[in-house]
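Dear colleague,

I am passing on the structure below, together with some notes on what turned up in it. Please read the notes with the model open beside you.

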Amino acid sequence: MAQKSEKGQTLVVLALFLVFVVLPLAALAIDLPSLWWSRRTMQKQADAACLAGAIADQNGESVSAEVLANLTANSVDPSFYSPNEGSGTGLGKGIEIAGGTIRVALWGPTLSWFSQIIPGVTGWKTGARARCQEGLGGFLPLALKEWEGPKSRILETAD
């Protein structure tokens with residue numbers, strides 16, 4: 001038989017479980033699709049800017065002006081690409097045009113509705129990178145993901 005001092009323990013445990021487990025999981029379930037959508041949108045913007053620069057180069061126009069015009073036309077916040085952070089394959093944010101390569105890297109905050117209830121989380125940041133490489137007869141008018149991992153090889157054996 002429960003003593004009077006033990007009444008209400010389940011309510012306290014349930015309240016703590018709700019606050020520290022259920023609410024943060026619900027916040028992630030709501031915010032992660034928003035983060036995914038933001039990342040996807042940024043990737044499209046980076047790809048479009050890179051492609052616009054490659055086309056401008058083929059037409060003999062200013063590559064940097066066309067990349068900036070495309071980012072502005074797509075309503076990209078200038079703080080997402082300025083100032084440059086890093087260079088080459090390590091470009092984390094910015095625009096780099098050098099050695100037959102156009103690189104566009106966007107990085108910035110994304111909308112967060114509920115994740116702020118998680119202790120220590122103030123919001124999310126996401127980014128996207130695109131690269132156009134000068135190839136056969138000029139820049140290839142394609143925005144392709146760059147493979148940076150080890151190349152795999154299939155070994156054939158003689159029977």
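With which residue does E96 form a salt bridge, and how far apart are the closest N and O atoms? The partner of E96 is R103, and the closest N and O atoms of this salt bridge are 3.9 Å apart, where the term stands for a side-chain nitrogen of Lys or Arg within 4 Å of a carboxyl oxygen of Asp or Glu.

Before going further, please note that this is a predicted model, in which local features need pLDDT of at least 70 and side-chain atom pairs count only at pLDDT 80 or more, whereas totals for chains, interfaces and linings use all residues. Residues are numbered from 1 along each chain as its sequence is written, and side-chain values use heavy atoms, with hydrogens and water left out.

A search of the whole structure returns two salt bridges. Besides the pair already described, E85 forms one with K93, with 3.6 Å between the closest N and O atoms. Here E85 is partly exposed at a relative accessible area of 41%, while K93 is buried at 10%; buried means under 20% relative accessible area, exposed over 50%, and partly exposed in between, with a 1.4 Å probe and protein chains only. R103, the partner of E96, also counts as buried, at 14% relative accessibility.

Because C50 belongs to helix 1 (residues 9-58) and C132 to strand 3 (residues 124-135), the pair ties together parts that are 82 residues apart in sequence. C50 is buried at 0% relative accessibility, and C132 is likewise buried at 0%.

As for the overall picture, the protein chain has two helices and four strands, taken as DSSP runs numbered from the N terminus (helices H or I, at least four residues; strands E, at least two). Their order from the N terminus on is α-α-β-β-β-β. Of the 159 residues in the protein chain, 29% are buried. Among its contacts (heavy atoms within 4.5 Å) between residues at least 6 apart in sequence, 59% join residues at least 24 apart. The accessible surface of the protein chain, by the Shrake-Rupley method with a 1.4 Å probe, comes to about 11,000 Å², and 61% of that belongs to carbon and sulfur atoms.
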